[in-house]
Amino acid sequence: PGPYSTILVERRGRTALLTLNRPKALNALSLDVMRETVEATEALDRDPDVGCIVITGSGEKAFAAGADIKEMQPRSYMDMYLSDWFTAWDRLGQLRTPTIAAVRGYALGGGCELAMLCDLVIASDTAVFGQPEIRLGVIPGIGGSQRLTRAVGKAKAMDLCLTGRNMDAEEAERAGLVSRIVPDADLLEEALAVAGTVSGRSAPVAMMAKEAVNRAFETTLAEGVRFERRLFHAVFATEDQKEGMRAFSEKRPAAFTHR
Ligand code: CAA
């Protein structure tokens with residue numbers, strides 16, 4: 001895959017680091033960024049040597065300040081409808097490999113939505129989240145009205161989507177959008193450490209854990225618990241269950257084979 005023009009992709013052991021690389025435009029999510037991010041992450045998802053994907057922004061100021069406003073401004077309804085604008089982003093939510101958004105600075109509009117498409121959000125204490133689309137005369141278009149509401153509840157989602165105000169890292173963590181806050185200088189190191197922990201687990205079992213949690217957003221409690229139970233039974237078909245439980249009995253760290 002690659003080389004790409006709007007993103008950078010590196011490997012750190014079993015972790016892949018994807019950096020949105022349009023710092024002069026505060027990493028605005030153009031169609032090229034969408035295409036490349038989806039293509040790169042789908043390739044990483046197919047790679048058995050990748051156990052976790054970290055997505056971050058380049059520069060000090062932004063994770064991503066939204067979809068590219070200049071690219072959208074002249075479009076008509078027919079342009080948006082026929083091209084099914086933004087639809088490829090949905091594929092990021094379908095990845096099986098765990099994903100972590102490492103957020104420094106602005107995560108606004110599509111930037112906030114991209115963070116919410118990831119499984120964990122690790123925020124620097126400088127992070128700022130919001131869905132300011134209404135200020136531009138539009139509404140969220142990469143799932144913000146749905147994922148923000150599920151993450152933080154109606155009260156705050158309505159507040160953010162109707163006023164367009166921002167929320168700082170503390171408020172975002174209290175509200176349930178952010179998994180952890182870390183000092184700005186430590187952001188990438190911490191995100192990569194968490195990714196290292198995740199990618200050191202059994203890959204198929206991590207995929208099942210992710211799938212089970214995500215099911216909670218799609219179904220009833222009884223069906224979700226049933227789904228979890230089926231996966232729980234299925235993990236007993238893995239080598240890694242045998243190794244994980246044997247290692248516990250032998251009082252040593254588990255050495256997962258990832259299958
Ligand atoms: N799209 C395109 N370009 C953007 C951008 C965006 N979303 N956000 C910032 N930029 C560009 C600016 O135009 C500017 O470019 P120039 O130097 O060529 O003028 C450059 O990035 C730096 O930005 P600012 O000078 O504005 O930086 P600032 O520090 O003064 O302000 C900011 C930072 C408050 C984040 C401001 O840039 C801003 O408000 N950005 C737009 C935020 C926004 O409305 N996001 C939602 C977009 S719509 C959307 O995302 C729809 C959806 O649901 C997917």
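Reader: Before I start, what counts as a helix or a strand in the element names?
Author: Helices (H or I, at least four residues) and strands (E, at least two) are DSSP runs, numbered from the N terminus. Please also keep in mind that this is a predicted model.

Reader: Thanks. Where does Asn27 lie, then?
Author: Asn27 belongs to the loop between β2 (15-20) and α1 (31-46).

Reader: And what is its phi?
Author: The phi of Asn27 is near 55°, which is a positive value in a residue other than glycine.

Reader: Is Asn27 buried or exposed?
Author: Asn27 counts as buried because its relative accessibility is 1%, and buried means under 20%.

Reader: Let me change topic to the ligand. How many residues surround it, and which are the closest?
Author: The ligand is surrounded by 24 residues, and the closest are Lys61, Ala67, Gly110, Glu133 and Gly141.

Reader: What classes do the residues of that shell fall into?
Author: The shell around the ligand has 14 nonpolar, four polar and six charged residues.

Reader: Which polar side-chain atom lies 2.9 Å from an oxygen atom of the ligand?
Author: That atom belongs to Glu113. Backbone atoms take part as well: a polar backbone atom of Gly141 is 2.8 Å from an oxygen atom of the ligand, and one of Lys24 is 3.3 Å from a ligand oxygen.

Reader: How much of the ligand does the protein cover?
Author: On its own the ligand has 970 Å² of accessible area, and the protein covers 65% of that.

Reader: Which elements give two or more residues to the shell?
Author: They are α2 (69-72), β6 (106-108) and α4 (110-117). The largest share comes from α2, with three residues.

Reader: You mentioned α4. How many of its residues are buried?
Author: Eight of the eight residues of α4 are buried, and the helix is mostly covered. Among them are Gly110, Cys112, Glu113 and Leu117. Gly110 is also one of the residues closest to the ligand.

Reader: What contact does Lys210 make?
Author: The side chains of Lys210 and Asp119 are joined by a polar contact of 2.8 Å. Lys210 lies in helix α9 and is buried, with a relative accessible area of 11%.

Reader: And the second largest pocket, how much space lies in it?
Author: The second largest pocket holds about 580 Å³ of space. Of the 26 residues in its lining, Met72, Phe86, Glu133, Val138 and Ile139 lie nearest the centre. Each of α2, α3 (77-83) and α4 supplies at least two lining residues. The classes are 15 nonpolar, six polar and five charged.

Reader: One more loop, please. Where does Ser202 lie?
Author: Ser202 sits in the loop between α8 (187-200) and α9. It is buried because its relative accessible area is 4%, where buried means under 20%.

Reader: Which side chain does Ser202 contact?
Author: The side chain of Ser202 makes a polar contact of 2.6 Å with the side chain of Asp240.

Reader: Last one: which strand holds Ala123?
Author: Ala123 lies in strand β7. It is buried, with a relative accessible area of 0%.

Key
Residues numbered from 1 in each chain as written. Predicted model: local features only at pLDDT ≥ 70, side-chain atom pairs only at ≥ 80, totals over all residues. Heavy atoms only, no water. Near = heavy atom within 4 Å. Polar contact = N/O pair within 3.5 Å; in protein donor to acceptor, adjacent residues only side chain to side chain. Areas by Shrake-Rupley, 256 points an atom, 1.4 Å probe, with all protein chains shown as cover. Nonpolar A, V, L, I, M, F, W, Y, C, P; charged D, E, K, R; others polar. 1 Å grid on protein atoms, 1.4 Å probe; cavity = no way out; pocket = protein on both sides within 12 Å on 5 of 7 lines; lining within 4 Å. Points joined across faces, edges and corners; volume = space filled by probe spheres on them. Buried < 20%, exposed > 50% of the residue type's maximum accessible area, 1.4 Å probe, protein only.
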